[in-house]
Amino acid sequence: MAAVGNKAFSHDGQYYAFCGPDGALRIWETTSGRLKHVHTPNAHLASPCNVIQWISETSQSTDTTLPLPGKRRRKKSVSEDGNNKVVAMGLSDGNVILYNIASTSATILKNDSTAACTAITWSTYSGLFTASDDYHLIEWNIPEKGIKCKWKSGKSKVTALAVSMDGKSLLSAERIIKWWDLATRQLIRTFTGHVNPITILHPLKVDTTSYLISSSRSDSSLCVWPLDKHRNDKSPATLLCLQDEASFISTLVAEESQVIVLVTTRLGKAQLFKYQPNGRTKPLKPSLDVTIVSETYPKEILILAGHLTDDEKLLLAYGDHLNLWLEKVEPDFSDKVQCLTRMLKKKPKERTIYEILKQMPVETDNAHYVYHADGEDETVKKRKIIEDGSQTLKDRLENLSLNADANTSGISPMKGGNRSQLLIQALNINDKNILSTVLFTKDENVIRNTVVNLPLQAITPLFQELSVMLQGKTYTCQIATRWLQALIKSHAAHLSSRPDFRDILGPVKHFIEEKLLLLSDVQKLKGRISLITEQISQTQEEQEKYINQEALIVYQDPGPADEALDMDDVESSSDSDDNWEEMSEQNEETEQYEENEQYEENEQEDEEGMKDVESDTDHSADSDDAIGDT
């Protein structure tokens, strides 16, 4: 992911400026790649820089500049065209600082409101414009160091600004784009089509037609709108498809009115578009994808920003802002992807990072570090103190180490206080190692004590860092959830009082809503999987029970040895066999006796039957004789 901060190339591509969360402005020279200027404004931690923009300031406005602390005032050098290159920084307190790289001096433009600057733009014809957090647009008077004009933009925070190419109109963006007439301060028309807050507005002119390129947060496309008062299109004329959210764009109009657009994405890749604007066209894919990899190990190098030069080459800034590399690359359209292999070496340390980030020296002649445990003073432990009475940031971080009190007997370490100090420093310099050391803990007491000791200026950066962690893996998400819970409980009043409360909680709310949309499907899938696993386990239990169950009847097929034993048993007589023979003889005698009795009964019945027949015959004969006599 690209580094967090504000970055911008000068209009001629000669300088590259970056202002990070620590509030220090760094300017590199693109031809040599050397760090030329480092400017740290006073109270940069209390009112950090929100937006930056390169402008051109006349030499007449350099009479009231403020020299840098600790440096001598240099002679003012003016370029050939009579203008100086100046970096305008919009602060969180509403003021604007103009840093002149020629005289290395700074000018402060005072704002009558403390609302933070949310967007900035510059035009040679119209001057400097900013948008504040109280929904106002401001036109600045640089020679008088004050406000020239101020008007309200609406009921939403403006997140991007741009002046048209002719300098007669101003474009401001929230979730919709508003087109203002600078002469009358009246609204010309609006452009709708973005769902999220717009982050980029870039005007463009091709022949006699003006266009506007816009991009919004979490949107993987660029919209190209024609700036025509007589048209009321509800959809952009051209859509440029990206791989991820755009972080920086640069445009160039080549010969035959061909438009070239260079886009660097949030994932650190560069995409190049070439097209001919001729009314409405279908969504366009990039003509070339540019990536940079390292020779030492297979890891992609992040492309932070890109600028199109007049000879149609790509001026790329890659690496990180502590070890930045600037290179001019000629695009190769023979393939869709151009992969550059580079061997990154650490640059010679002209200035160490601790010298760059060093704050104002602190008098520590009579200072000691005292630890308190349970409200009572304990042993006083002296730390390293430099002889000149100042401490570098490196020594302070070592003194604030979480393991500093590990070997000290009799001292109860205050993990909450140490972690708070380490967390503040890590958020200021965006050190991932220190952040992981502080945040990766599950001790709720330590988390609660650390959050309570944080100043109000560190709440928003910590919330943004936790929002990124919340989208990580399961363990990281659990850690981020604990910190978010403690942060909201401890600082709910401060968060709810901020005007950008919705923007701060927006990513977290959107992430939770997406998870809730998947909750029902996940529960259904979990239920089906549990049913399947229960059926499988039940089937296995039944099979195991059937296998382990004792048999009711066991039949064993006799083998040859068993047959020999049976033959021996038959030959050998036993008491049971004798009894069997005796019982058989008795049964045979009983059956013979019963048969004889039955036979005798049958014979008797036959004899009685013969007697009856004879008696009947005699009776019939006597009857016949009696009839004859009659």
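In strand 17, Thr190 is the bridge partner of Lys178, and five bridges in total join strand 16 (residues 177-181) to strand 17, the two running antiparallel. Strands here are DSSP runs of E with at least two residues, numbered from the N terminus, and two strands pair if DSSP finds at least two bridges between them. The model is predicted, with local features needing pLDDT of at least 70 and side-chain atom pairs counting only at pLDDT 80 or more, while totals for chains, interfaces and linings use all residues. Residues are numbered from 1 along each chain as its sequence is written, and side-chain values use heavy atoms, with hydrogens and water left out.

- Four strands form an open sheet in the order 14-15-16-17, with antiparallel pairing, and its edge strands, each pairing on one side only, are strand 14 (160-163) and strand 17 (186-191).

**Aromatic pairs**

- Rings of Phe, Tyr and Trp (its six-membered ring) pair if their centres lie within 6.5 Å, and planes under 30 degrees apart count as stacked, over 60 as edge-to-face and the rest as tilted; by this rule there are eight aromatic pairs.
- The ring centres of Phe9 and Tyr16 lie 4.8 Å apart with the planes at 50 degrees, so this pair is tilted.
- Tyr15 and Trp54 form a stacked pair, at 6.1 Å centre to centre and 25 degrees between the planes; Tyr15 lies in strand 2 (residues 15-19) and Trp54 in strand 5 (residues 49-58), so the pair ties together parts 39 residues apart in sequence.
- Ring pairs also link Phe9, Tyr16, Trp28 and Phe248 into a cluster.
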